[in-house]
Amino acid sequence: MRILIVEDDALLRDGLKVGLSLAGFTADAVESCEEADAALVGHGFDALVLDLMLPDGSGLAILKALRERRDDTPVLLLTARDSVADRVAGLDTGADDYLGKPFDLDELAARLRALIRRAEGRSRAVLEWERLKLDPSSRTVEKDGVPIRLSRREFSILRALMSHPGAILSKNRLEDQLYGWQEEVESNAIEVHIHHLRSKLGTELIQTVRGVGYRLGGEP
Amino acid sequence: MRSIGTRLFVILGITTGLVWLSAVAWIFVSTRAEIEHVLDARLMEAGRMVNSLIVSQEIDVARAQGLKPPFPARVPAGYDRQLSCQIWSLQGVLIGRSEGAPEKKLSEHRDGFSQTVIDGETWRVFAVENAALGVRVLVGDNLRIRDRLVNDVIRGLLLPTLLILPALAGLIWFSIRQGLAPLDRIARNLSARPASDLSPLDSADTAREIAPVVQSLNGLFARVAGQRERERHFTAFAAHELRTPLAGLKTQAQVALASGDPAIRDRALRQIAVGVDRTGRLVRQLLDISAIEAGERGWTNGPTNPGAELKALANELPHAGKALSIAVAPELEKMRVAMDPDLFRLAARNLLENAINHSPPGGTIACGLAMNGADTIIVIEDAGPGIPTDELDQVKERFFRGRNRAPVGSGLGLAIAELALEQAGCSLLLRNAAAGGLVAGIAVPATLVRGFGKPDASPVSKPPPRLPEPTRVPLRLP
């Protein structure tokens, strides 16, 4: 679950980035409208955490431009102004949720998970595929009720595949889910993680579609 | 006296009373004089008439002696005879007298007017001596009767007055009430207002005399409303600005709690420490603003030694991490400014903090002097990125943080500096140096410069000497 954080306060930006990473998100952070616009082009973010008051403009402008591009990425507004009028203006511009500062990190993570879930067209929080059960909030995976330990990146890949059952996800898309901008991507990292997943959950679980990507296979 | 109505009533009552009293006194005196004049003339006339009757033998004095008066006294009850007549021989024998006249001689004098007291009553007597016939005619008026006559006239004048006076008082009172009605209306309007109602009073139908008061009141209302609006706005803004750092602190604290990794935890805790410092600074700046705005300190006229203050601040402000060098020109320490030291310190502290926050590591901050027309400029120049030209007008606004923001800035420093300088009668100039970096200038008008190198000198009118090398870049007015 890749998140873009747009927040101009350095302390909060850093805290959000580290805190959301701890909660299982892959988080990138920018501090201005200009940087946000650049980041939003060409990167697939699962959700956007947007501060309203930015040094070079309003977060609402970013939101408006995003929706005019017919980009439906879920947006959660984060702001110190939380009068009813502000909230209404934000939601009417196309925001999906609203949190007033100061907020609780766990609540923010839960709301983001809910936003992403709804954007993916699901209403149930727990992902299921055949005999597998994946809970994004507790970050646990069970196979036939038996918990299976996965690393953070393995979990992210499995979550991405399970939230798009049947779809083929490219290697680039999976890398986007795993790595922020500053992180070095090893060339064969995805292959290594897929290999580990297969050995833990069964070789038939993830099928390789040559030259395209990966998808969930038959009986794990 | 608190009430204008009562005050006017007393003043008008006393003055009207005094006018009435003097009018009464004047009428009394003049009426009395007039009546006395008329009665004296009558007395004289009567005396002469009796004398002429004797002379023309109409009255035979010798025969008349001892006879009863020819006509009986049929005097109506309640009628006081006003005149009494006596005819005496020059030898002192009473030849005849009118009815009711006293038997005692009315007067001893020979001729003309005199006053005598007979049986306790005062008489006004006119005497005519007829030497040829050897008689003296005395005609007298009883003064008691005369006084009564005068008093009757005066009473006739005063009685209506006494009736009129209360009516007059009532009219005065009514007129005052009517005259003060516009004031009463305003007072009622004001006292019926809730504290939050600062709308102007209706000045269209107020009297011309109180229109200035109403206008001043409306002006005051407008100022109070403006002040209240600014305070409300500022409080809302301040609360808003505090929420972001608080959110940052809470998030970092939750990161520290949630992470099992000691490195992440330590980093979060360090961030919290920095965040607390920054939030503390923001709170201090908010308090500074409200202290300056309240102006309750009653700012003094100094003198302030800008050089010494800047040096103290340079030592006090933390910039160790950046290894900056802060240079204070020696001329600054010889200068004295008629300005409250606290205000100068507030302004200089925020300008220096701004310079420190924006300076690159190892950079130099130069404090010097420059001239700009009649103003002396205390210059603080840093080697940072400066302020983008399009933001120069906005940076003095509260909470404005431009593109070249420092991580620890609050957007309040320059606003505080300007506020403090304005309170001291100075102004803040900002421009970018040619080589990059911000030049912040405290413009001190010549009237506030208290001499160069002469501590505590009396106000000088001569311009300060042009300093050989005040700053690298002369400052121009924007």
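Tutor: A crossing is right-handed if the near helix is turned clockwise from the far one by less than a right angle, left-handed if anticlockwise. This model is predicted: local features need pLDDT of at least 70 and side-chain atom pairs 80 or more, while totals for chains, interfaces and linings use all residues. Residues are numbered from 1 along each chain, with chains lettered from A and ligands numbered from 1, in the order written.

Student: Is the crossing of H6(A) and H7(A) left-handed or right-handed?
Tutor: Take helix H6 (152-163) and helix H7 (171-178) of chain A. Both are DSSP runs (helices H or I, at least four residues; strands E, at least two; numbered from the N terminus). H6(A) passes H7(A) in a crossing that is right-handed.

Student: At what angle do H6(A) and H7(A) pack?
Tutor: Their axes lie 9 Å apart. Axes are lines fitted to C-alpha atoms over the stretch in contact, with N-to-C angles from 0 to 180 degrees. For this pair the angle is about 130°.

Student: Which residues of H7(A) meet H6(A)?
Tutor: A contact puts C-beta atoms, placed from the backbone, within 7 Å. From H6(A) come Arg153(A), Ser156(A), Ile157(A) and Ala160(A). They meet Leu174(A), Gln177(A) and Leu178(A).

Student: How many residues does chain B bring to its contact with chain A?
Tutor: Chain A brings 18 residues. Helix H1 (10-22) gives the most on that side, with nine. From chain B, the contact takes 24 residues.

Student: What share of the residues of chain B is buried?
Tutor: Chain B has ten helices and twelve strands. Buried needs 20 or more other C-beta atoms within 10 Å; 12 or fewer is exposed, and in between is partly exposed. Chain B has 478 residues, and the buried share is 28%.

Student: What part of the contacts in chain B, at a separation of 6 or more, links residues 24 or more positions apart?
Tutor: Count the contacts in chain B with a separation of 6 or more. Then take those between residues 24 or more positions apart. They account for 63%.

Student: Which residues of H7(B) are buried, and which are exposed on its other side?
Tutor: Helix H7 of chain B covers residues 306-316. Buried are Pro306(B), Gly307(B), Glu309(B), Leu310(B) and Leu313(B). Among the elements covering them are helix H9 (341-358), strand S8 (364-372) and strand S9 (375-381) of chain B. On the other side, the exposed residues are Asn315(B) and Glu316(B).

Student: How far apart in space are Arg32(B) and Arg146(B)?
Tutor: Arg32(B) sits in helix H1 (4-55) of chain B. It has 17 C-beta neighbours inside 10 Å and therefore counts as partly exposed. Arg146(B) is 114 residues away in sequence.

Student: What is omega between Lys101(A) and Pro102(A)?
Tutor: Pro102(A) lies in the loop between strand S7 (97-100) and helix H5 (105-119) of chain A. Most peptide bonds are trans. Lys101(A) and Pro102(A) are joined by a cis bond, with omega about -10°.

Student: What is phi of Glu130(A)?
Tutor: Glu130(A) is in the loop between strands S8 (127-129) and S9 (132-135) of chain A. It has 16 other C-beta atoms within 10 Å, so it is partly exposed. Its phi is positive, though the residue is not glycine: near 55°.

Student: Is Asp144(A) buried or exposed?
Tutor: Asp144(A) falls in the loop between strands S10 (140-143) and S11 (146-148) of chain A. Its phi is also positive, near 55°. Asp144(A) has 10 C-beta neighbours inside 10 Å, so it is exposed.

Conventions:
Contact = placed C-beta atoms within 7 Å.
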